[in-house]
Amino acid sequence: MTERPATPAPFTTDDYRARMARAATAAADAGLAGLLVAPGPDLVWLTGYRPTSASERLTLLVLAPGHDPVLVVPTLEAGDAERAPGAPALTLRDWTDGQDPYAAAVPLLAGGGRYAVSDDTWAVHLLGLERRAPSSTSFTALGEALPMLRAVKDTAELDRLAAAGAAADAAYEKIKNVRFAGRRETDIAADLAALLREFGHAQVDFTVVGSGPNGADPHHEADDRVIADGDMVVLDFGGLKHGYGSDTTRTVHVGEPTAEERRVHEVVREAQERAVRAVRPGPTCQDVDRVARETIIEAGYGDRFIHRTGHGIGVTTHEPPYMVEGELQPLVPGMCFSVEPGIYLPGRFGVRIEDIVTVTDDGVRRLNTTSRELAIVQ
Ligand code: ZN
Ligand code: ZN
Ligand code: ZN
């Protein structure tokens, strides 16, 4: 059975115009003179423009409250930029090899003040701007100045995130039926990547297969270890479908689990369930982390839960808001993030369970809905 995913209507110039207006307002509210956005997820979200790669040639969106947005681009890429869906809402200003691109950009910052620079702007470009800018100009990281800029998703974005989640769920339902015992982690990872593509992902970002002791390393991806009967296997996979992210984790067991394996899995399942139920408008991101963590501490595994409980997701698979101690941002309808507690027993095995959820007007909706019970695979 092959899914025939409906392609969502593309975002329009008006959608990008509205996002840029919203970003300019947020900048003004934060006391910023403007935003400087180089190629990366912020530029994609604001303009729909995704140059083939970030490069040593400066591409920079200058977004200042009260001014028309300007995109500084290398002349040889101006044609590509013009075809971006947000381009009609922009003024393009191109510069040619041999010219100083920073000299071309700096007059746009003429008023001085504090500019927020997108997090993935190359240092060479920020230093070039700093060298040319008047001394009344200062720079700060966009991710620190406006961490919630992309955090609240609109209906069209939520539809894409839901479709990406459903595709990842379909991949999980199929991977449960493949043979695990006797195959390498990298074989299962390749199966997962193929399934994500089969269900409409254009990009696969990660396919974690952590079997046995490898599952105790949350950042383990997949290696040559041959999976054996009796292994717990952490499966954490995701990527981009229609430009929006998926990210889900299930932990399966090859053959019959021990009582301890069942118990640890049940603690994580309970922690994840309670944390998801705590999601609604009002509580903070920290509260979600605390609910998950308290459940694991009560069960005696507090020191084995070694990462935050979750992260936002949108045009990237990891972004604000972060469900972590110290994050006092209240949850707002439209926020979309992971809830993914885990327990990691070094040298033995690990368990993690992860769903993407979104905050609704009065509660929470899971975008991953496969069973969270411990699945037995062969
Ligand atoms: Zn086992
Ligand atoms: Zn994940
Ligand atoms: Zn995640």
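Trainee: What is the spacing of the donor residues of the zinc ion (ligand 2) in sequence?

Mentor: In this predicted model, they are spaced D-x10-D-x106-E, where donors are N, O and S atoms within 2.8 Å of the metal (3.2 Å for Na, K and Ca), and sites may look incomplete because water is not among the atoms. Asp236 lies in strand S8 (residues 232–241) and Asp247 in the loop between strand S9 (244–245) and strand S10 (248–254), so the pair ties together parts that are 11 residues apart in sequence; strands here are DSSP runs of E with at least two residues, numbered from the N terminus.

Trainee: Which atoms coordinate the zinc ion (ligand 2), and at what distances?

Mentor: Asp236 (OD), Asp236 (OD), Asp247 (OD) and Glu354 (OE) do, at 2.0 to 2.5 Å, which is within the 2.8 Å limit.

Trainee: Why is the site of the zinc ion (ligand 2) called irregular?

Mentor: Four donors are tetrahedral if all angles lie between 85 and 135 degrees, four are square planar and six octahedral if opposite donors are over 155 degrees apart and all others between 65 and 115, and anything else is irregular. The angles among the four donor atoms of ligand 2 run from 56 to 146 degrees, so the site is irregular.

Trainee: What makes the site of the zinc ion (ligand 3) irregular?

Mentor: Its protein donors are Asp247 (OD), His311 (NE2), Glu340 (OE) and Glu354 (OE), at 2.1 to 2.2 Å, and the angles among these four donor atoms span 82 to 162 degrees, so this site, too, counts as irregular. Asp247 lies in the loop between S9 and S10 and His311 in strand S11 (residues 310–312), so this pair ties together parts that are 64 residues apart in sequence.

Trainee: Which residue coordinates both zinc ions, and how far apart are the ions?

Mentor: Asp247 coordinates both, and the ions are 3.0 Å apart.

Trainee: How do you know whether Asp247, His311 and Ser246 are buried or exposed?

Mentor: Buried means under 20% relative accessible area, exposed over 50%, and partly exposed in between (1.4 Å probe, protein chains only). Asp247 has 2% relative accessibility, so it is buried, while His311 at 1% is buried and Ser246 at 1% is buried as well.

Trainee: What joins the side chains of Ser246 and His201?

Mentor: A polar contact of 2.7 Å joins them; the term requires a pair of N or O atoms within 3.5 Å, one able to donate a hydrogen and the other to accept it within protein, with residues adjacent in sequence counting only if both atoms are side-chain atoms.

Trainee: How are residues, chains and ligands numbered or lettered, and which atoms and pLDDT limits apply?

Mentor: Residues are numbered from 1 along each chain as its sequence is written, while chains are lettered from A and ligands numbered from 1 in the order in which they are written. Local features need pLDDT of at least 70 and side-chain atom pairs count only at pLDDT 80 or more, whereas totals for chains, interfaces and linings use all residues, and side-chain values use heavy atoms, leaving out hydrogens and water.

How values were computed. Helix = DSSP H or I, 4+ residues; strand = E, 2+ residues; numbered from the N terminus.
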